[in-house]
Each structure stands twice: as structure tokens, then as C-alpha cells.
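Student: I've got a model open on my screen and I'd like to learn how to read it. Can you walk me through some features?

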Amino acid sequence: MGSLWEQESRKIRFESLNRDIKTDVLIIGGGMAGVLCAYMLHQSGVPYVLAEAETIGSGITKNTTAKITCQHGLIYDQLIRKFGMERAEQYLKANEEALARYRDLCRNIDCDFEEKDSYVYSLDSRQKIEKEIRALERLGVHAEDAAHLPLPFSVAGAVRYPKQAQFHPLKFISAVSEGLHIYEHTAVRELAGTEVLTDHGKITAKKIIAATHFPFLNKHGSYFIKLYQSRSYVIALENAPDVHGMYVDEAQTGMSFRNYGSLLLLGGGDHRTGKKGGNWRELRDFAQRHYAGAAEKYHWAAQDCMTLDGIPYIGAYSSGTENLYVATGFHKWGMTASMVSAIILCDLVQGKKSPYADVFSPSRTILRPQLAVNAFEAIASFLTPTAKRCPHLGCALKWNPYEHTWDCPCHGSRFAEDGSLIDNPATGDLKL
């Protein structure tokens with residue numbers, strides 16, 4: 001199993017670290033967020049180094065559906081109600097700037113960048129759609145009500161957000177990483193202050209950005225309770241229709257649609273990592289019913305960090321850590337959030353104030369309903385008798401029969417059948 005993007009991209013190789021070095025900023029993690037941080041620091045003339053445990057783009061980035069949009073479900077009505085107009089405007093403007101930055105960069109990059117209208121639909125709630133349109137109008141966005149979509153089912157309504165975008169993420173990341181100061185196959189084994197140890201060298205930095213998908217330091221920031229991970233699935237179909245846009249259900253367990261060339265990418269089957277869900281079976285059943293003449297060419301799965309309130313954590317790692325920053329919890333909108341992270345963090349590490357920092361602050365309140373759900377899952381897992389425990393914090397692992405992996409329902413670490421680590425926050429293999 002491999003994603004569509006892996007099949008159609010060239011890889012740039014970077015050497016491993018083999019000596020001790022010093023730098024102003026160390027970026028840990030070579031996904032889209034980390035590489036964009038490196039790119040922006042490079043453009044600003046700030047000394048930096050990026051350390052990636054495997055190869056750039058080989059983790060979560062390669063499994064995205066690669067939509068670049070300010071429209072993240074029916075979020076703006078929620079933001080106004082929970083946080084007020086000022087925070088909602090900050091969120092909107094940050095994502096609008098992210099889209100504009102991608103648009104400017106992609107003018108000179110062959111990465112299949114396309115402007116597309118984005119749609120969030122509801123199968124059963126006309127009221128939700130109307131509320132979101134009113135919220136967007138209050139924020140100065142001209143969003144339209146779309147009652148009829150080129151999808152094989154009827155909807156109660158949809159919000160159309162014009163001139164968003166989609167692209168090929170690995171073609172993009174290969175292009176922007178050329179000439180950057182990157183070390184691949186350089187896993188960080190230990191962090192003490194702003195000094196880190198790798199297998200073959202020590203990196204001393206003035207400031208550190210943790211862009212590792214799930215934050216790796218447990219004693220700061222409470223990310224082990226502020227985040228959970230969710231899996232979602234994609235199949236790429238040949239001989240399926242062009243839907244002329246990007247579509248996503250407002251329900252978290254709904255389906256998404258976009259085209260890439262002659263392929264239709266059908267996403268869904270979501271579930272909390274370590275729990276049961278629809279997976280590829282749900283998508284294949286749907287395709288068989290509605291696209292009977294289509295053939296599956298690729299299939300893959302993605303994993304996303306989910307926050308307590310739907311907004312990423314971008315900024316200072318915690319109130320008790322100095323010169324340490326984080327980008328996590330992208331909530332299934334990783335491409336746009338990666339650029340937002342780079343914009344905010346590159347300001348912060350240079351001592352500048354970001355106009356978007358407040359709404360994304362990792363130190364904002366954790367008193368949200370999802371906190372109780374996360375706590376319950378952790379306690380239930382700790383009390384489950386099993387021989388296989390996650391090396392991260394000791395939760396009971398669950399066997400995933402569809403992907404043949406051991407998955408952690410607490411924090412989302414995943415291990416292959418032989419115990420080798422697939423996804424963090426665990427940092428080592430499972431001892432079977």
C-alpha cells in the first residue's frame with residue numbers, strides 16, 4: 001500500500017548528520033510544516049538546521065489528500081460562538097495568508113497546483129449550512145449556498161467557498177527543499193534544554209521547533225491529554241467522474257471528494273486510532289454502489305492529530321519551556337495548517353509578534369468536552385489487561401486487522417506486526 005503521491009514524485013536526498021553542530025534554530029521533523037519553517041527561515045537569512053528521522057515528506061505528509069483551503073468544515077460559526085469575532089478573524093486571516101503564500105510559491109513550481117472551489121455539505125441539516133454562511137458574511141467572506149452538487153447523493157445544503165486550491169504535496173516539498181540545510185536519517189534521541197543528541201552528532205541551538213506531528217515531550221504542555229489521533233482512508237478511482245471541486249461532509253465520519261488528473265480521490269471511513277471504523281471497506285462499498293464502472297488504482301490511510309477545540313496548537317511549547325516551539329493538531333487540514341505554522345513560528349523565533357499567535361496558542365484553555373473523552377479513553381486503556389503495552393505511556397494496544405498493525409487508542413502510536421514503529425508519539429519499537 002502506498003499513496004498516489006509516492007508513486008509520482010522524485011525524491012531529493014540529504015545526508016545524515018555525522019558531527020556536532022551549532023545553529024540558531026533547530027527544526028525537528030521534516031514533514032510539510034518543518035520544511036516550510038526551514039524554507040522561510042532560509043529566505044529570512046536566519047541560521048537553522050532541520051533534522052528528520054527518516055526522509056522528508058515520508059510521514060504524515062505523503063498521506064494527505066492535499067487540499068489547501070480556509071474552509072475547515074463548518075468552523076467559522078463555531079469559532080464566533082466559542083471565541084468571538086476577533087479570534088475568528090485571526091483564524092480566517094491566517095489561513096487566507098497561507099493560501100496566498102502557496103499560490104505565490106506554486107507559480108514557479110511544477111506541483112499540479114489548481115484553483116478549485118471548496119464545498120462543505122451536510123446530509124441532514126439545512127440549519128447548520130445557513131448558520132455557517134451567516135458567520136462567513138459577518139467575517140466579510142462571500143460564501144454561497146449550493147443546493148445541488150455533482151455527487152451521487154442529495155444533500156440538505158452546502159457552503160461554497162470559491163478559489164481554494166489543491167496540489168501534489170511531494171512534488172511541492174521536493175521543490176522547496178532544494179538547497180535547504182536538512183539532515184535526513186537523523187533521529188533526535190534526547191533533548192536537554194536546547195541541546196539535542198542524535199545517533200551520530202549533537203546539535204546545539206538557541207531555539208527549537210518541534211514539528212514532529214505529535215509532540216514528543218510528555219512532561220510539558222499536556223499534549224498527551226490535549227490531543228488524540230484519528231485515522232482516515234482514501235481510495236483513488238479510475239473511470240470515475242470529475243466532480244469539479246473539493247468536497248467534504250461537515251460530519252467528522254463523512255466522506256470527501258477531489259480529483260487528481262483522471263483519478264477521483266474518495267476519502268472517509270474515519271475513526272479514532274485504536275478503535276473500529278469504516279476504513280477502506282466503507283469506501284469500496286460506496287464506490288461499488290455509485291461508481292460501478294470505476295477501478296481502484298491506489299489506496300492509503302492518513303493519521304491526524306485532533307485538538308480539544310478544532311484549532312491547531314502553534315506557538316510556545318508550554319508556558320514553562322523557554323525557546324521551545326511546537327506545531328501540532330492540524331485536525332485534518334494539514335497542508336494549510338503547515339503554512340500557518342511556518343508563518344507564525346518564523347515570526348516567533350525571530351522575536352517578532354505574530355498577528356495570529358493568540359488564536360493558535362497552545363496554552364489556551366483545555367476545559368473542553370473532548371478533554372473528558374480523552375481522559376476516559378486513557379483510563380480505560382490503562383485498566384485493560386493485555387500483554388502488549390505502548391512504550392509511550394503504557395496504554396493497551398489494539399490489533400488492527402485491516403492494516404495488520406498494533407494501534408494505541410490513547411495517543412495514536414502505531415506498530416507493524418513485527419513491532420517496528422510506524423507512527424509517533426512513541427519513539428521506539430514495540431518489544432514483542
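Student: Let's start with a sheet. In what order do the four strands of the open sheet come, and is the pairing parallel or antiparallel?

Tutor: Keep in mind that this is a predicted model. The general idea first: strands of a sheet pair through backbone hydrogen bonds, and the pairing can be parallel or antiparallel. Here the order is β18-β19-β20-β21, and the pairing is antiparallel.

Student: Which strands stand at the edges?

Tutor: β18 (398-400) and β21 (421-423) do. Each has a single partner strand, so one side of each is left without a neighbour in the sheet. As you step from one strand to the next, the twist averages 35 degrees.

Student: Can we zoom in on one pair? How many bridges join β20 to β21?

Tutor: Two bridges join β20 (residues 414-416) to β21, and the two strands run antiparallel.

Student: Now helices. How do I describe two that pack together?

Tutor: You give the angle between their axes and the distance between the axes. Take α2 (residues 32-44) and α9 (residues 334-348): their axes are 8 Å apart, and the helices pack at an angle of about 40 degrees. That makes α2 oblique to α9. Their crossing is right-handed.

Student: Which residues of α2 and α9 meet?

Tutor: From α2 you have M32, A33, L36, C37, M40 and L41; they meet M335, S338, M339, S341, A342, I343, L345 and C346 in α9. By class, the residues of this contact are 12 nonpolar, two polar and no charged.

Student: Let me try another pair. At what angle do α3 and α5 cross?

Tutor: Roughly 70 degrees, and the axes of α3 (residues 75-83) and α5 (residues 126-138) come within 7 Å. The two helices are therefore roughly perpendicular to each other. α3 passes α5 in a left-handed crossing. On the α3 side the contact is made by I75, Y76, D77 and I80, and on the α5 side by K131, E132, A135, L136 and R138. Sort those residues and you get five nonpolar, no polar and four charged.

Student: What about α3 and α4, at what angle do they cross?

Tutor: The axes of α3 and α4 (residues 85-106) cross at roughly 140 degrees and come within 7 Å. I75, Y76, L79, I80 and F83 of α3 make this contact with M85, R87, A88, Y91 and L92 of α4. The classes are nine nonpolar, no polar and one charged.

Student: Zooming out, how many helices and strands are there in the protein?

Tutor: 11 helices and 21 strands. The radius of gyration is 21 Å, close to the 22 Å that the globule rule gives for 432 residues, so the protein is as compact as a globular protein of that length. Along its principal axes, the C-alpha trace spans about 60 × 50 × 45 Å.

Key. Residues are numbered from 1 along each chain as its sequence is written. This is a predicted model: local features need pLDDT of at least 70, side-chain atom pairs count only at pLDDT 80 or more; totals for chains, interfaces and linings use all residues. Side-chain values use heavy atoms; hydrogens and water are left out. Axes are lines fitted to C-alpha atoms, for helices over the stretch in contact, and angles run from 0 to 180 degrees between N-to-C directions. Angles under 35 degrees count as roughly parallel, over 145 as roughly antiparallel, 65 to 115 as roughly perpendicular and the rest as oblique. A crossing is left-handed if the near helix is turned anticlockwise from the far one by less than a right angle, and right-handed if clockwise. Contact means heavy atoms within 4.5 Å. Ala, Val, Leu, Ile, Met, Phe, Trp, Tyr, Cys and Pro count as nonpolar, Asp, Glu, Lys and Arg as charged, and the others, Gly among them, as polar. Two strands pair if DSSP finds at least two bridges between them. The radius of gyration is taken over C-alpha atoms; the globule rule is 2.2 Å times the number of residues to the power 0.38.
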